[in-house]
Amino acid sequence: MSTLDDLDRRLLALLRVNSRESVASLARELEVTRSTVTARLDRLVHSGTVVGFSVRVREDRDPSSIRAIALLEVEGRSTDAVIRKLRGFSEVHALHTTNGGWDLVAELRTDSLGNFDRLLGRIRSVEGIVNSETSLLLSSVLV
C-alpha cells in the first residue's frame, strides 16, 4: 500500500487505542459498513502496514515493572556488534538507532531495581559502548 487515506488513518488510530475492538464497533465509530472495515483491515495487514496486534498490560500487574530508556553512545564502527550483543539481553524490549549525540536507544524492563542495576552493568560492559544515560519511566500518561 503506497499511501494511507483519512479512513485508514482513523481506523489505525482506533486500533491503537484498542486493537481488540470489534469490527461492528469500529464501523459505527467510523460511520462506514462492517465490510468496509473488514476490507480495510485485510488490506492493511496484507500490505504489511499492520504487522500485528498486541496486548497492553496494566503497569501495576506487569511483572517487568521497572522500565527505562537507555541512550547509548557507540564507539566507531562497532554499532552492528553492539546491536547483536544487546539482542541477546531478554530485558531489552526494543532497540532503535537514532541520530544526534546518541547512537542507540534501548527500552529496558526488569522485575526489580537490583536486576535493573545488574542489567545496567552488563550493558555498560558491552564492548563498543563508550557512554550511556538512563532514565527510569515512572508512569505512562498517554495510553
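Q: Which strands does helix α5 lie across?
A: In this predicted model, helix α5 (residues 113-124) lies across β1 (66-74), β3 and β4. Its direction is at about 160° to β4.

Q: In what order do the strands of the open sheet stand?
A: The sheet has 4 strands, in the order β2-β3-β1-β4, and their pairing is antiparallel. At the edges are β2 and β4 (129-137), each of which pairs on one side only. From one strand to the next, the twist averages 20°.

Q: How many bridges join strand β2 to strand β3?
A: There are 5 bridges between β2 (residues 92-97) and β3 (residues 104-110), and the two strands run antiparallel. To follow the pairing residue by residue, take V92, which stands opposite L108 in β3. T97 has L104 in β3 as its bridge partner.

Q: What lies between the strands of the hairpin of β2 and β3?
A: The hairpin has 6 residues between its strands. One of the residues to look at here is G100, which takes a positive phi near 95°.

Q: Where else can a positive phi be found, in a residue other than glycine?
A: The general idea is that most residues other than glycine have a negative phi. E31 has a positive phi, near 60°. E31 is found in the loop between α2 (23-30) and α3 (34-46).

Q: Is E31 buried or exposed?
A: E31 counts as exposed because its relative accessibility is 73%, and the cut-off for exposed is over 50%.

Q: Which residues touch the most other members of the largest nonpolar core?
A: In soluble globular proteins, nonpolar side chains tend to be buried together. Here the largest nonpolar core has 19 residues, and L72, L86, L108 and I123 touch the most other members. At least two residues of this core come from each of β1, α4 (79-87), β3 and α5. The largest share, 5 residues, is supplied by β1. A second, separate core has 11 residues, including L12, A27, L44 and V50.

Q: What is L108 in contact with, leaving aside its neighbours within four places in sequence?
A: The contacts of L108 include I66, R67, A68 and A70, together with E91 and V92. Also in contact with L108 are F116, L119, L120 and I123.

Q: Is L104 buried or exposed?
A: L104, in strand β3, is buried, because its relative accessible area is 0%. Not counting residues up to four places away in sequence, L104 touches A70, L71, L72, V74, T79, V82, I83, L86, L95, H96, T97 and T98.

Q: How many residues apart in sequence are L104 and T3, and what is their distance in space?
A: L104 and T3 are 101 residues apart in sequence. In space they are 29 Å apart, C-alpha to C-alpha.

Q: Is R40 buried or exposed?
A: R40 has its place in helix α3. R40 counts as buried because its relative accessibility is 16%, where the cut-off is under 20%. Among the residues R40 touches, not counting those up to four places away in sequence, are D5, L7, D8 and L11.

Q: How many aromatic pairs are there?
A: A pair of aromatic rings is described by the distance of the centres and the angle of the planes. In this model the count comes to 0 aromatic pairs.

Q: Where does the charged end of R122 sit?
A: The charged end of R122 sits over the ring of F89, 4.2 Å from the centre of that ring.

Terms used
Residues numbered from 1 in each chain as written. Predicted model: local features only at pLDDT ≥ 70, side-chain atom pairs only at ≥ 80, totals over all residues. Heavy atoms only, no water. Buried < 20%, exposed > 50% of the residue type's maximum accessible area, 1.4 Å probe, protein only. Pairing = 2+ DSSP bridges. Axes fitted to C-alpha atoms, helices over the stretch in contact; angles between N-to-C directions. Contact = heavy atoms within 4.5 Å. Core = buried A, V, L, I, M, F, W, Y, C linked by side-chain atoms within 4.5 Å. Phe/Tyr/Trp six-rings, centres within 6.5 Å; stacked < 30°, edge-to-face > 60°. Lys NZ or Arg CZ within 6 Å of the ring centre and 35° of its normal.
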